[in-house]
Amino acid sequence: MSSVLENLVNQPYRHGFVTEIEADKAPRGLNEDIIRLISAKKQEPEWMLEFRLKAYHHWLTMTEPRWPNVKYPKIDFQNIFYYSAPKPKKLASMDEVDPELLRTFEKLGVPMNERAALAGVAVDVIFDSVSVATTYKQRLAEVGIIFCSISEAVREHPDLVRRYLGTVVPPGDNFYAALNSAVFTDGSFCYIPKGVRCPMELSTYFRINTQESGQFERTLIVAEEGAHVSYLEGCTAPKFDSNQLHAAVVELVALDNAEIKYSTVQNWYAGDEKGVGGIYNFVTKRGLCKGVNSKISWTQVETGSAITWKYPSCVLLGDNSIGEFYSVALTNHHQQADTGTKMVHIGRNTRSRIISKGISAGQSNNSYRGLVKIGARAEGARNYSQCDSMLIGAKCSANTFPYIQVNNHSAKVEHEASTSKIGEDQLFYLASRGIGTEEAVSMIINGFCRDVFQQLPMEFAVEATKLLGLKLEGSVG
Amino acid sequence: MIRANSPILLEVRGLRANVAGVEILKGIDITVRAGEVHAIMGRNGSGKSTLAKALAGHPAYEVTSGTAVFEGRNVLEMAPEDRARAGLFLGFQYPVEIAGLSNAAFLRLAYNTVQGIRGQEELDPLEFDDHVRAKMKLLEMDAGFLERSVNDGFSGGEKKRNEILQMALLEPRLAILDETDSGLDIDALRVVAAGVNRLLTPQNAVVLVTHYQRMLNYIVPDYVHVMEGGRIVKTGGKDLAVELEARGYDWVTGEVAA
């Protein structure tokens, strides 16, 4: 492989930033007392504490999953701070923000008002009195939508939370889900009442000025009968966090005729080019299509983290329900990703679609792992899966682990896979038409990811396109 | 058409090149003037395609000695994209497929890049659409080409038309067409050849790399060069191609050996 490509993909992470944080911390380690402290600090009702303690005791009996195709040193779970109320030090104005960060926002095209929030500038300083977040919240309240932090929801809407929390990802589901259930401190709650079509894309942007995203996030989204919502998580701006382990849980519930679209752009710190540092992103995301004709669609663009372990899944319980998974996972340097989805068909005439695009560069390792399971009473179930891998350079690897279990003869399951390489020939072809290497790589990659980017909301798609370009940007020649 | 006083576009002297450490070109000399059509013929492995790719700057082709001066600049020292921007065009024998990248986006980027370098007007997607459709009509190409991914699932003939479409858009000073005739049926060959002829002016030139004489019935060369073993072993006029067709390459190589 030409040295041009090597240079291109081996760019240092230039856009990380750290905000100094004064924290109100509990001691390191995990035990019942810490969990009681978390629950007390959050002023939670008794049932919530019981939920946590039950999860904790279950977690103690579990072991870390060893089946993912990733390698990392053993994590010392007693050496982690499980409670730390962050008090981000607010910068007084945009002038104090790292100019490099501002340039990144510029390149990514992040809107002005969001730049301030992302950079940790007190929003009130920038926008006279009414913050963006408050404005959105009012508009949502007018149609009966609840959108708040999970902690606030536990206090303000306990019945709703209690009815759905842990129903899609049970506290004992897996090692990291159990840990999250015991100690989660942050995340979002979103409730769309019957028949309401959410008037805007809901985004964690709107909460970012009041909440630092936490190490153990918990998100719960409920769409009542006939409700529609599109939720955006994360952002293309690079995020640094001193917490190495991130174990989030996201649960989605769609009732009859409801539709939830969940889009993620993940760009956590990935470690340096030697593989030192970086976030371990061990996430459990699952949606339950509980009602008939319901639909849940996951779209993810994963570009960050040292290790990604993540399988946004759909349980298709309601008859005629639909599950979708669209994914782009890009790994570079020493990043490792083991990501994919599970589509569990239980109801009749359920349909699922999986489009996965893995891009590996540097010495990275990128695996797709997916399960398609057709239950015995899932008459007429259909699945289509397409898993494509692209390699940049000769030192990276790509793997595909598709699991298919069919227990109903009327099911139709299709799986297609391909592996390709950005080769000298493609670059030379574009070069011979006057197109430079960086632009050529970006065009090839974006072409490869087109089917997934088409699923993203418009502005997000534009940002994601630029993000992939940035991640692979370099000095050519 | 040969005009004694027309300016030299490309002057290659003593060009030697390796592929994977093996010497394929063993000293090529060729001079191409504005307004001329050259044909480079020869059997498989004689070095024809290597010459085309080395001139366009493919990284796998290592030039070990010699010069190639294109309009006053030694192109061997230029990056491939700079050669293209300077007006050197390579029509590929096997055009590469790029899934997901729409032909329209690719063609417009290439067009605007070259226009920008030349200080000429760049076109927005709507303006470009009109521009490219007019060119496609001349090549009898369906408008559906624009929406499809670059060369993805194209038939052999469609790929070659797409190459000539790119030539029509980029308006190069010198086009090297590497076996553009292969994979074309007789009707497609006529259309493609007509397209090339339409692009010929007294200011530019074409070098056709081909096995067969049949394309030269449509695009009449001023010079025919025969390659063998990495060298040009014979140069003549258009009649040489006819004679080659009748007598085979052994006739030339035997003559040289004798």
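User: What should I know about the model and its labels first?
Analyst: The model is predicted, so local features need pLDDT of at least 70 and side-chain atom pairs count only at pLDDT 80 or more, while totals for chains, interfaces and linings use all residues. Residues are numbered from 1 along each chain as its sequence is written, and chains are lettered from A and ligands numbered from 1 in the order in which they are written.

User: How many residues of chain A are in contact with chain B?
Analyst: There are 17 residues of chain A in contact with 23 residues of chain B; contact requires C-beta atoms, placed from the backbone, within 7 Å.

User: Which element of chain A gives the most to that side?
Analyst: H11(A) does, with six residues. Helices H11 (424–431) and H12 (437–448) of chain A are the elements that give two or more residues; helices are DSSP runs of H or I with at least four residues, and strands are E runs of at least two, numbered from the N terminus.

User: Changing topic, where is A:Gln43?
Analyst: A:Gln43 lies in the loop between helix H2 (32–41) and helix H3 (46–60) of chain A. Although not a glycine, A:Gln43 has a positive phi of about 50°.

User: Is A:Gln43 buried or exposed?
Analyst: A:Gln43 is exposed, with 10 other C-beta atoms within 10 Å. A residue with 12 or fewer such atoms, placed from the backbone, is exposed, one with 20 or more is buried, and one in between is partly exposed.

User: And what about B:Glu171?
Analyst: B:Glu171 is partly exposed, with 18 other C-beta atoms within 10 Å. B:Glu171 has a positive phi of about 45°.

Notes:
Contact = placed C-beta atoms within 7 Å.
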